[in-house]
Structure formats: C-alpha cells, structure tokens
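Me: I have a protein open on my screen and would like to go through it with you. Can we start with the strands?

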Amino acid sequence: MQRFMITFVLLITFLISGCSNPNTVLSGDAPPDVSLTIDDEMYGTILGSYCWSSARLTECVDTAGPVELMEGKEPIKVQSGEPILLVMDFEPKPNNVCLSKIENGSETEVNLRNQTFAAPKDKGIYYYAYSVRWTDEIEEHVSHADAFYAFAIEVQ
C-alpha cells in the first residue's frame with residue numbers, strides 16, 4: 001500500500017510539472033491559508049492533501065482525511081443556520097471549488113454562494129472538506145495546483 005502511495009504521489013508530481021503552463025505561476029511554496037468568518041470572528045482551517053506548483057518547486061503532499069485531521073481538535077461552535085464565510089487571501093483565486101460535509105461516514109456536497117454556506121439546522125458535530133483547484137483557463141483538464149482544507153463545526 002505504501003509503495004502504491006509513493007508511486008501515485010510521484011506520478012501526480014510528474015504530471016503537474018510536465019503539464020505546467022509557464023504563464024501560470026502561483027506564488028509561495030505551499031497553498032494559501034483558508035479561514036472561516038463566523039459572526040465577525042476568524043477561525044483557521046487545517047491544510048490537508050495538496051499538489052502545488054510554483055516558480056521554485058512542484059510538490060505533492062498526501063494526508064489523512066478531514067475527520068482524521070480534526071481528531072483531538074475542538075470544533076468551532078456555531079448557531080443553527082448561521083452563515084459561514086470561507087476566506088482565502090490569495091490571487092489568483094482558485095477557479096474550481098467544492099465544499100463537502102462529512103456526517104456519519106457519508107459525504108454530501110454543500111452549496112456555496114459567494115463562498116458562504118449556512119450551518120446545518122440540527123445540533124451536532126459536522127466535518128467539512130473544502131477542495132480548491134487552479135486549473136488552466138485554456139486547457140480545462142490541466143491542473144496547476146489543488147488543495148483541500150479540513151474544519152469541523154458544532155451546531156449548538
């Protein structure tokens with residue numbers, strides 16, 4: 001299994017570096033931070049797996065899933081239906097984003113409107129994966145970078 005993962009990561013690294021468009025250079029050596037704004041308070045997320053290609057290097061990192069990444073960390077306390085804003089202070093913005101909610105081992109896509117979603121109505125702890133990709137504007141199947149971020153909220 002470990003041999004498979006190493007081969008997979010190397011393959012992705014070669015694909016990204018071989019398919020990179022020199023006109024699309026991302027700054028920094030790793031994906032940018034993503035924060036949550038809830039009721040005028042800022043909260044961090046945890047960077048999970050990513051592949052990042054900048055002018056200096058190309059790197060792919062594989063991590064555990066969102067639930068495992070959040071293990072032992074305190075979820076953010078929110079009210080039922082409260083608006084939650086995802087904030088990334090980085091240019092260019094990713095042109096492909098997806099938010100997934102993980103509940104009882106099941107994953108469902110969450111609708112985002114202007115990078116905002118509403119907390120679930122029912123009380124409980126909810127885990128999320130926020131996936132972002134910077135894809136080529138000309139060749140739609142070419143990815144310059146991707147990342148996922150994990151966070152958990154507790155609806156009171």
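Reply: One term first: two strands pair if DSSP finds at least two bridges between them. Also keep in mind that this is a predicted model.

Me: OK. What is the order of the strands in the open sheet of four?

Reply: The order is β2-β1-β6-β9, and the pairing is antiparallel. The edge strands are β2 (41-44) and β9 (116-118), each of which pairs on one side only. From one strand to the next, the twist averages 30°.

Me: How many bridges are there between β1 and β6?

Reply: Three bridges, with strand β1 covering residues 35-38 and strand β6 covering residues 83-87.

Me: What holds paired strands together, in general?

Reply: Strands of a sheet pair through backbone hydrogen bonds, either parallel or antiparallel.

Me: Back to Ser35. Is it buried or exposed?

Reply: Ser35, which is found in strand β1, counts as buried because its relative accessibility is 19% and the cut-off for buried is under 20%.

Me: And which residues does Ser35 touch?

Reply: Leaving out residues up to four places away in sequence, Ser35 touches Met42, Tyr43, Leu85, Leu86 and Val87.

Me: Let me zoom out. How many helices and strands does the protein have?

Reply: Two helices and eleven strands. Along the sequence the pattern reads α-β-β-β-β-α-β-β-β-β-β-β-β.

Me: What share of the residues is buried?

Reply: Of the 156 residues, 38% count as buried. The accessible surface comes to about 9,500 Å², and carbon and sulfur atoms account for 50% of that surface.

Me: What share of the contacts is between residues 24 or more positions apart?

Reply: 72%, taken over contacts with a separation of 6 or more.

Me: Let's take Ser49, then. Where does it lie?

Reply: Ser49 lies in strand β3. Ser49 counts as buried because its relative accessibility is 16%.

Me: What does its side chain reach?

Reply: The Ser49 side chain reaches the backbone nitrogen of Thr63 at 2.8 Å. It also makes a polar contact with the side chain of Asp62, at 3.1 Å. Setting aside neighbours within four places in sequence, Ser49 is in contact with Val61, Asp62, Thr63, Ala147 and Phe148.

Me: Which residues does Phe148 touch?

Reply: Not counting residues up to four places away in sequence, Phe148 touches Ile46, Leu47, Gly48, Ser49, Thr63, Ala64, Gly65, Pro66, Leu69, Ala129, Tyr130 and Ser131.

Me: Now the core. How many residues are in the largest nonpolar core?

Reply: It has 27 residues, and those with the most contacts inside it are Phe151 and Ile153. Strands β1, β3 (46-53), β5 (76-78), β6, β10 (124-135) and β11 (143-155) each supply at least two residues. The largest share, six residues, comes from β11.

Me: Last topic: β7. Which strand do seven bridges join it to?

Reply: Strand β7 (residues 96-103) is joined to β10, and the two run antiparallel. In β10, Ala129 is the bridge partner of Ser100.

Me: How many bridges pair β7 with β8?

Reply: Five bridges, again in the antiparallel sense, with strand β8 covering residues 106-110. Here Lys101 stands opposite Thr108.

Me: What is in the turn of that hairpin?

Reply: There are two residues between β7 and β8, and Asn104 in the turn has a positive phi of about 55°.

Note on methods
Residues are numbered from 1 along each chain as its sequence is written. This is a predicted model: local features need pLDDT of at least 70, side-chain atom pairs count only at pLDDT 80 or more; totals for chains, interfaces and linings use all residues. Side-chain values use heavy atoms; hydrogens and water are left out. Axes are lines fitted to C-alpha atoms, for helices over the stretch in contact, and angles run from 0 to 180 degrees between N-to-C directions. A nonpolar core is a set of buried Ala, Val, Leu, Ile, Met, Phe, Trp, Tyr and Cys residues joined through side-chain atoms within 4.5 Å. Buried means under 20% relative accessible area, exposed over 50%, partly exposed in between (1.4 Å probe, protein chains only). A polar contact is a pair of N or O atoms within 3.5 Å; within protein, one must be able to donate a hydrogen and the other to accept it, and residues adjacent in sequence count only if both atoms are side-chain atoms. Contact means heavy atoms within 4.5 Å. Accessible areas come from the Shrake-Rupley method with a 1.4 Å probe; for residues, only the protein chains shown count as cover.
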